[in-house]
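Subject: Handing over the structure

Hi there,

Here is the structure I promised to pass on to you. Have a look at it first, and then read on for what turned up.

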Amino acid sequence: MHSPRSDEPIYWLLFGAGGLAMAIVVPSILIVLLAAGVASPDVNEGLLSFAQVKGLLGNWFLSLILFGVVFLTIWHSCHRIYHTLHDLTIHTTKLHFFVFYGLAACLSFALLALQFLVYCKLF
């Protein structure tokens, strides 16, 4: 007799990929941004000026990479919070499941919409 298939491996895959992004990619991005900020502390004209960052986000490849990193970080965080409730002896229900994963999905779609607006130069 076969047991019904679970969708839990998909969430654990996103959790693991988000953990990798949080452990390796995010610190690397922060080091690059710190170096850019030290190289030109003037926010209006330097490497971290609004126009420069907006121009970088206009590149589809960099925008896709940034979306992937933030997307995985969001899913990692929501999954961790959801399972931390169990460690805090809070019984999780389907409502908790839908709230946390729904929040992750909504934030991901909002991020995608914002990046699309920046890419199309509407924002």
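This is a predicted model: local features need pLDDT of at least 70, side-chain atom pairs count only at pLDDT 80 or more; totals for chains, interfaces and linings use all residues.

**Aromatic rings**

How many aromatic pairs does the structure hold? The count comes to 13 aromatic pairs. One of them is the pair of Phe-67 and Phe-71, which is stacked, with 5.6 Å from centre to centre and 25° between the planes. The two partners fall into separate accessibility classes: Phe-67 has a relative accessible area of 17% and is buried, while Phe-71, at 22%, counts as partly exposed. The cut-off between those classes is 20%, so the 17% of Phe-67 falls under it.

Another pair has its rings arranged edge-to-face: Tyr-82 and Phe-97, at 6.0 Å centre to centre and with 75° between the planes. Tyr-82 belongs to helix 3 and Phe-97 to helix 4, which covers residues 94-119, so this pair ties together parts that are 15 residues apart in sequence.

The rings described so far belong to one aromatic cluster, whose members are Tyr-11, Phe-67, Phe-71, Trp-75, Tyr-82, Phe-97, Phe-98, Phe-100 and Tyr-101.

**The nonpolar core**

Several of those names come back in the largest nonpolar core, which has 13 residues. Tyr-11, Trp-75, Tyr-82, Phe-97, Tyr-101 and Ala-104 are the members that touch the most other members. Helix 1, helix 3 and helix 4 each supply at least two residues of this core, and the largest share, 6 residues, comes from helix 3.

**The largest pocket**

The largest one has a volume of about 560 Å³. Its lining is made up of 17 residues, and Ile-29, Leu-33, Leu-56, Leu-57 and Leu-66 lie nearest the centre.

Three helices each provide at least two residues of the lining: helix 1 (8-39), helix 2 (50-57) and helix 3 (60-87). Helix 1 gives the most, with 6 residues.

Leu-56, one of the residues nearest the centre of this pocket, is found in helix 2. With a relative accessible area of 43%, Leu-56 is partly exposed. From Leu-56 to Pro-41 there are 15 residues in sequence and 18 Å in space, C-alpha to C-alpha.

**A few single residues**

Which residue other than glycine has a positive phi? Thr-89 does, with phi near 60°. Thr-89 is placed in the loop between helix 3 and helix 4, and at 72% relative accessibility it counts as exposed.

In helix 4 you will find Leu-112, which counts as partly exposed at 41% relative accessibility. Leu-112 and Gly-58 are 54 residues apart along the chain, and their C-alpha atoms are separated by 13 Å.

For a distance within helix 3, go back to Phe-67, which is found there. Phe-67 and Thr-84 are 17 residues apart in sequence and 25 Å apart in space, again C-alpha to C-alpha.

To recap, the items to have on screen are the stacked pair of Phe-67 and Phe-71, the edge-to-face pair of Tyr-82 and Phe-97, the core of 13 residues and the pocket of about 560 Å³.

Terms used: Residues are numbered from 1 along each chain as its sequence is written. Side-chain values use heavy atoms; hydrogens and water are left out. On a 1 Å grid over the protein atoms alone, a cavity is a set of points where a 1.4 Å probe fits but cannot get out, and a pocket is an open set with protein on both sides within 12 Å along at least five of seven lines; lining residues have an atom within 4 Å of a point. Grid points are joined across faces, edges and corners, and a volume is the space filled by probe spheres set on the points. Helices (H or I, at least four residues) and strands (E, at least two) are DSSP runs, numbered from the N terminus. Rings of Phe, Tyr and Trp (its six-membered ring) pair if their centres lie within 6.5 Å; planes under 30 degrees apart count as stacked, over 60 as edge-to-face and the rest as tilted. Buried means under 20% relative accessible area, exposed over 50%, partly exposed in between (1.4 Å probe, protein chains only). A nonpolar core is a set of buried Ala, Val, Leu, Ile, Met, Phe, Trp, Tyr and Cys residues joined through side-chain atoms within 4.5 Å.
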